[in-house]
Amino acid sequence: MIKKYIIPFLILPIGVLLGSCEDFFLKDIDVDDLPPYEKIMVVQGFISPQQDSIKIALKFTLPTWGLRNQPLSEEDQLALRSAVVTLKDEERSVSIPYVEAQGVYAISQEEFPLQEGTRYELTVERETQRLTASCEIPKSNNTLVISLSEREKENDPQYGYEPQYLRLTWEDTKDQVNYYNAYAYKNEYYTYYDELGNETQQAYQQRLTYSEGYTSDYLSDGRWLEVEVNYYGYGEGEIKGVLYSVDEHYYEYHQSVYNYTGDNPFAEPQNIYTNVEGDGTGIFCAYSYDSTAIPTIEVEGVEN
Amino acid sequence: MMKQLQVCLTFFLLLVGTQSYAQNNYTISGYVKEKGSGELLPGVTIYDANLQLGTTTNTYGFYSLTLPAGSRQLVYTFVGYERVVKTIDLKDNITLDLDFLPSTVELETVEVNATAQERVSESVEMSKMILPVSQIQDLPAFLGEKDVIKTLQLMPGVQSGREGSSDLHVRGGGGDQNLLILDDAVVYNANHLFGFFSVFNGEALKSVEVYKGGFPARYGGRLSSVIDMNMKEGNKEEFHGSASVGLISSSATVEGPLKKGKSSFLVSGRRTYVDILTRPFMDDDFNAGYYFYDLNTKVNYDFGPKNKVYVSGYFGRDRFYSSEDYRDDEFKAGLEWGNATGTVRWNHLFNQKLFANATLIASNYKFGLFQDERYQEYHPDGREEVHLKMRYNSNITDYSFKYDLDYMPTAKHQLKMGVILTNHRFSPSAFVFKGPETDIDERQLISTLEGGVYIEDIYKPTARLTLNPGFRLSTFYHEGRTYVQPEPRFNVSYVVSKDLAIKASYAMMNQYVHRLSNTGIGLPTDLWVSSTKNVLPQTSQQVAAGLAKDIDKYGLTLTVEGYYKRSINAISYKEGASFLFLENLFEGENNEVDWENNITRGNDTSYGVEVMLQRKVGRLSGWVGYTLSWSERQFDELNLGKSFYAPWDQRHDLSIAGSYKISDRVSVGATWVYGSGTPLTMAVAKTPSDVHSPELDAHAPKDPLGQTYYSYQPTRDYYGTLSNFRRPAYHRMDIAFRFHKQKKYFQRTWEVGAYNVYNRQNMFFYTTDYEYDYRNDQEYAYLQQVSLFPVIPYVSYKVTF
C-alpha cells in the first residue's frame with residue numbers, strides 16, 4: 001500500500017527538483033516587463049545674489065535598467081541646449097541663454113541682478129513640455145560666531161589625540177521660519193611638482209562641516225542656534241565659517257539627498273525632494289550669505 | 001460622548017424590556033463536554049425545533065435556555081459530533097450537562113449526516129470563520145509543520161500568496177491590525193524564523209475563531225481582524241498523548257487527569273533540531289546555530305457546578321547564536337525573541353442565567369541582541385583580561401484584568417457585558433554596554449493604560465429575525481492625554497427560508513498600539529509603539545452584507561459577503577523612512593529612531609466580495625474560497641496626496657483546500673492557492689541629484705574657470721508614483737498523504753508530502769545585478785527575482801495514544 005503511493009510520488013518531484021534547481025533561485029526579469037523608463041527633464045539651479053552669475057543646469061533622467069551609462073545622443077544633447085529658460089520677478093523678465101563652455105544656461109548678474117527678499121520664477125520650455133518652479137531669496141544673517149575648544153594636553157597613546165570641538169553659533173531671525181547651512185572650512189595647501197620639476201603649492205578648502213550644517217529654527221525661533229563638529233586638524237591656519245541663509249526648498253532638497261536610503265533594502269522608497277512642477281523634476285532654490293562677516297580664528301601652537 | 005452613551009444604554013434597556021415575561025418559563029442550563037475526555041465544547045447549538053428558539057454554548061461550554069413549561073424536545077448539534085436529541089418535561093429549572101460523542105465518518109457512502117454540519121444560516125454572526133482545528137492536521141504543510149496561521153491564509157478575505165510570511169492582511173488591513181489572542185492573552189509576534197512558521201501549535205488548540213468584520217462588542221483594540229484561540233484543557237478521564245518527528249522539529253503532547261473528573265492538565269512542546277544535528281560537524285572552536293521552541297501548558301480544576309479555574313501559559317523562543325574560542329579569547333553573540341503569555345481564569349455561575357468569568361492576563365514580547373567578548377590585552381608589565389558586554393532589548397509587557405458576564409434572561413436575549421483594563425509597558429529600547437572604560441545603561445519605559453467597557457445582546461424578536469446590537473467604549477491614556485472613543489457595533493440576520501439567511505453588519509474599531517516595521521518579512525526587530533499626543537489612534541468603520549446558505553443535501557455551506565471598510569488616521573511610513581533599529585548598534589551607539597517623525601497619517605479604503613463554499617464533514621472535506629478585493633490608501637504626504645494601491649492590494653485570491661479519506665488507513669490532503677500580484681514601488685529612472693557646493697562658492701577664490709557651483713553626486717532612484725509595479729501572480733500546490741495504523745498501544749501516522757509540487761518559481765524578493773563591459777565602457781543593470789522554495793518533499797512520523 002505504502003509503496004504504491006510513495007514511490008511515484010517521491011520520484012517525480014525529486015527529479016523535477018534536481019533538474020531545475022540551478023535556474024530556480026535566480027531569474028532575470030525582462031526589461032520589457034518592468035515599468036517603462038521615464039525620461040524626463042531635470043532642472044538644477046541654486047541662485048544667490050552673491051554669485052557672479054545665475055546658472056541653471058538642464059539634464060535628463062537616466063535609465064534604471066539595461067544599458068545605463070550611454071552618452072547622451074546628439075538629439076538629446078540638442079534638446080537640452082535648445083530649451084527656452086526664463087527667469088522673472090514681479091517687474092522684470094530675462095531669457096537665460098545656453099553657454100556652451102559651461103554646459104549650463106547662464107547669465108551674468110550684471111545683466112539681471114538678484115536681490116534678497118525677492119521671489120523669482122523659473123520657466124523651462126521645450127517643445128510641448130513646460131516646467132516651472134519658484135523660490136524666494138532669504139535675507140542673510142550676519143551674527144555667526146565660531147569658536148574652537150582647547151585641545152586636551154594628554155593625548156591617548158592608542159587613538160592619537162582627542163579632537164577639538166568646532167562650534168558655529170548664530171542668532172535666529174525671530175518670527176519667521178528660517179533654514180540655514182552652517183559651513184566651515186580651512187584653507188590648506190598641497191605641494192606638487194609641475195612638468196618642469198618646480199615645487200608648486202596649490203590651495204584647497206578642507207571642508208569641516210557636511211550634512212550636520214543643515215539646520216532649521218523649528219522649535220527654536222529667535223534663539224541662538226548651534227552646530228558643533230569634531231575638529232581633528234592640526235597646524236597653523238585659519239578656519240572660516242560661512243552662514244548660509246537658505247530657503248525651504250534648498251533645505252529639504254539637501255536633506256533628502258544626504259539622507260537618501262536607496263541602498264537600504266528595508267527603507268521605504270524615496271523620491272528626492274523637488275519643487276519643480278510640470279513635465280519634469282529637479283530643484284530651483286536660493287540662498288544668501290554675508291560675505292563681509294566671515295569670522296576667522298587662529299589655531300596656534302598645536303603639538304602633534 | 002456622554003449623550004451617545006446614554007442613547008445606547010437606553011436602546012439596550014428598551015430591547016431587554018420588550019421581552020415577554022411569561023409566568024411559566026423555566027431554565028435549562030449546563031455544560032456540554034466531549035465524551036471520553038471531558039473537554040468542554042464551545043459553540044454547540046442547542047435548539048428547540050418546535051419553538052424555533054435556541055442558543056449556543058459559550059467559550060467554557062456553558063449554555064442556558066429559558067423556555068415555556070411543557071414537553072420540550074432539545075436538539076444538540078456540533079460539527080464533527082453525533083447529534084443528540086433530548087426530550088424534557090419542563091416543569092422546573094433544571095441542570096442538564098451533556099456528553100457529546102465525536103461522530104465517525106461513514107465510508108460506505110458519501111452521504112453525510114446533514115445535522116452534524118454547522119448551519120451558517122442559523123448564526124447571526126457574519127464575517128466569522130471557525131477554523132476546523134482537526135482539518136489542519138489533514139492538510140499539507142511546509143516541511144510538515146502544521147500551522148494555524150498558514151491555514152488561515154487559505155481562507156477568503158485573508159490574503160495569501162506571499163512566500164514565507166505569517167503576516168496577515170485581512171480585508172485590506174495592515175499586518176499589525178489583527179488581534180491575536182490565545183486564552184485571552186494578546187500575542188504580539190506570531191512568527192518563528194522570520195515568518196516561515198507561526199508560533200501557534202495546532203496540537204494544543206481546541207478552537208480557532210476568526211472575525212473579519214461584524215466584530216462583537218467584546219473584542220476591541222485592532223482594526224481588521226480578531227483571531228481568538230483557545231487551548232485544550234486536557235483529558236479529565238484518562239492519559240493521552242502524541243509525539244511526532246519531522247524534518248526540522250519534534251513535538252510531544254501529554255494530557256490527562258490530575259484528579260479524575262475534576263482536574264486535568266495539558267503540556268505540549270515543540271523544538272527544532274537543526275542546531276543539534278549540525279553540532280557534530282562544527283569546529284571545536286566555533287559553534288553557531290538556530291532553534292525555536294514552543295511550550296503550551298494548561299491546568300484546570302473543577303470546584304463543582306459553580307466554580308471552575310483554568311491556568312494556562314504559552315512560552316516560545318527563537319534564538320540565533322554563535323560562539324568562538326581562540327586560545328584565551330572568547331566571543332559570543334546572537335539574537336533571540338519570543339512571546340510569553342499567562343492567563344488565569346475563574347468561571348463562576350451566579351445562577352442558571354448568569355455566568356461570570358474573571359481573567360488575569362500577562363503577555364510579553366521580547367527581542368534581544370547580545371554580544372560578549374573576552375580577550376587578553378598585553379602591557380609591558382603583564383596582561384589583563386578585558387570583558388566587553390553588550391545587550392540590546394526591546395519589549396512590550398501587558399498586564400490585564402478582564403471581567404465578563406453572560407446573562408441569558410429569556411430565550412430571546414443573550415447579553416454579554418464586561419470590562420477590560422490593560423497596562424501596556426513599552427520598552428522600545430534598553431541598551432547596556434559595559435567595557436573597561438565604558439558603562440552605558442540606557443532604558444526607556446513608557447507606561448500606558450487601555451480600557452474597554454462593552455455590552456452586547458443577541459436578540460431574537462421573531463423566529464426569522466436576529467439582531468446583535470453592541471456598544472463598546474474604549475479608552476487610552478498616555479502621558480496626560482486620554483482618548484475616549486465610542487464603538488457601536490451591529491449585526492442583523494434574517495432567515496429567508498429554512499436554509500438561507502441574509503445578513504448585514506456594521507462595526508467601528510479603534511487601535512491604540514501600532515507596529516513599526518517596513519521590512520515586511522517579519523523581522524523580530526519590528527517594534528510596537530503606543531498612540532501619543534501626536535500619533536492619534538487608528539479608527540475604522542466597516543459595513544458588510546451577505547448571504548449564508550446551507551446546502552444540506554451535500555453537507556455544504558455557502559457564504560457570500562461584500563464589505564466596505566474605511567480607516568482614518570491609518571499609519572504609513574514617510575518616504576525614505578527606515579525602522580531597522582540595529583544600524584550602528586555594534587558601534588556602541590543606541591540608535592534610537594525618532595519614530596514619530598518617520599510616520600505619516602492618512603486614510604485607507606478597502607472593499608471587496610468574498611465567496612466561500614465549505615464542507616466540514618464527510619470523506620471529502622475542505623473549502624473553496626475566492627476574494628475579489630481592492631485596497632487603496634490616501635496620505636497627504638505620500639504620492640503627492642494622490643491615492644495609491646496599498647502594498648497588500650490583491651485583486652484575486654483563490655484558495656482550494658481539501659482532504660479525502662481514501663480508506664480507514666489512508667487519506668490525502670491538498671491545497672492550491674492563487675494570488676494575483678501585489679503592488680511594489682519600482683524606480684522608473686535615475687535622477688541626477690547634484691548639490692550646492694560651498695567650496696566652489698564665491699566667498700572662496702572666485703570661479704574663474706567657469707565651474708558650476710554645485711558638485712556632482714551619484715544619481716538617485718526616481719520612482720514617479722507609488723505602487724507603480726505589480727509582482728507576478730503567486731500560485732502553489734501542496735499535497736500530503738497520511739497513512740494511519742492502529743498498533744497495540746498506539747496509533748501511528750506516517751505523513752509524506754511535498755510543498756510546491758509543480759515547482760513554481762514564486763517571487764520572494766527582487767535584487768539588482770550589475771555587469772560592466774570595460775571594453776566598451778558600458779554598464780548594465782538587471783532586476784532579478786529571487787525564489788526561495790522549489791518543490792520540497794517532507795516526511796513525518798507521529799504516534800498518538
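Two strands count as paired if DSSP finds at least two bridges between them. By that criterion S26(B) and S27(B) are joined by 9 bridges and run antiparallel. Helices (H or I, at least four residues) and strands (E, at least two) are DSSP runs, numbered from the N terminus.

This is a predicted model, in which local features need pLDDT of at least 70 and side-chain atom pairs count only at pLDDT 80 or more, while totals for chains, interfaces and linings use all residues. Residues are numbered from 1 along each chain as its sequence is written, chains are lettered from A and ligands numbered from 1 in the order in which they are written, and side-chain values use heavy atoms, with hydrogens and water left out.

- A hairpin of 5 residues connects S26(B) to S27(B), and B:Ile455 has B:Phe471 in S27(B) as its bridge partner.
- B:Thr462 is located in the loop between strand S26 (446-459) and strand S27 (465-478) of chain B. Its relative accessible area is 43%, so B:Thr462 is partly exposed; the classes are buried (under 20% relative accessible area), exposed (over 50%) and partly exposed (in between), with a 1.4 Å probe and protein chains only.
- From C-alpha to C-alpha, B:Thr462 and B:Ser127 are 23 Å apart in space, and they are 335 residues apart in sequence.
- S27(B) is mostly covered, with 11 of its 14 residues buried.
- S27(B) also pairs with strand S28 (residues 481-497) of chain B, in the antiparallel sense and over 14 bridges. Within S28(B), B:Gln485 stands opposite B:Ser474.
- The hairpin formed by S27(B) and S28(B) has 2 residues between the strands, and B:Glu479 in the turn has a positive phi of about 45 degrees.

**An open sheet in chain B**

- An open sheet of 5 strands has the order S9-S14-S15-S10-S11 (chain B), with mixed pairing. Its edge strands, strand S9 (128-131) and strand S11 (185-186) of chain B, each pair on one side only.
- Strand S10 (residues 178-182) of chain B is antiparallel to S11(B), with 2 bridges. B:Val186 in S11(B) is the bridge partner of B:Ile181.
- Strands of a sheet pair through backbone hydrogen bonds, either parallel or antiparallel.

**Chain A overall**

- Chain A contains 3 helices and 20 strands, and 45% of its 304 residues count as buried.
- Among contacts in chain A with a separation of 6 or more, 66% are between residues 24 or more positions apart; contact means heavy atoms within 4.5 Å.

- In helix H2 (residues 74-81) of chain A, the buried residues include A:Asp76, A:Ala79 and A:Leu80. They cover an arc of only 95 degrees around the axis, which puts them on the same side of H2(A); the arc is taken over the directions from the helix axis to the C-beta atoms.
- The exposed residues A:Glu74 and A:Leu78 are on the face of H2(A) turned away from its buried side.
- Strand S3 (53-60), strand S7 (98-99), strand S8 (104-108) and strand S9 (119-126) of chain A are included in what covers the buried residues of H2(A).
- Helix H3 (residues 248-258) of chain A is mostly covered, with 8 of its 11 residues buried; among them are A:His249, A:Tyr253 and A:Val257.

**Aromatic pairs and charges over rings**

- Rings of Phe, Tyr and Trp (its six-membered ring) pair if their centres lie within 6.5 Å; planes under 30 degrees apart count as stacked, over 60 as edge-to-face and the rest as tilted. The count over all chains comes to 46 aromatic pairs.
- B:Tyr63 and B:Tyr76 form an edge-to-face pair, because their ring centres are 5.8 Å apart and their planes are at 85 degrees. B:Tyr63 lies in strand S4 (residues 62-68) of chain B and B:Tyr76 in strand S5 (residues 70-77) of chain B, so the pair ties together parts 13 residues apart in sequence. Both B:Tyr63 and B:Tyr76 are buried.
- B:Tyr301 and B:Phe303 form a tilted pair, 4.6 Å centre to centre with 55 degrees between the planes. B:Tyr301 is partly exposed at 29% relative accessible area, whereas B:Phe303 is exposed at 54%.
- One aromatic cluster in chain A includes A:Tyr183, A:Tyr244, A:Tyr250 and A:Tyr289.
- A charge sits over a ring if NZ of Lys or CZ of Arg is within 6 Å of the ring centre and within 35 degrees of the ring normal. A:Lys39 is over the face of A:Phe60 at 5.1 Å from the ring centre, and B:Arg271 is over the face of B:Tyr291 at 4.3 Å from the ring centre.
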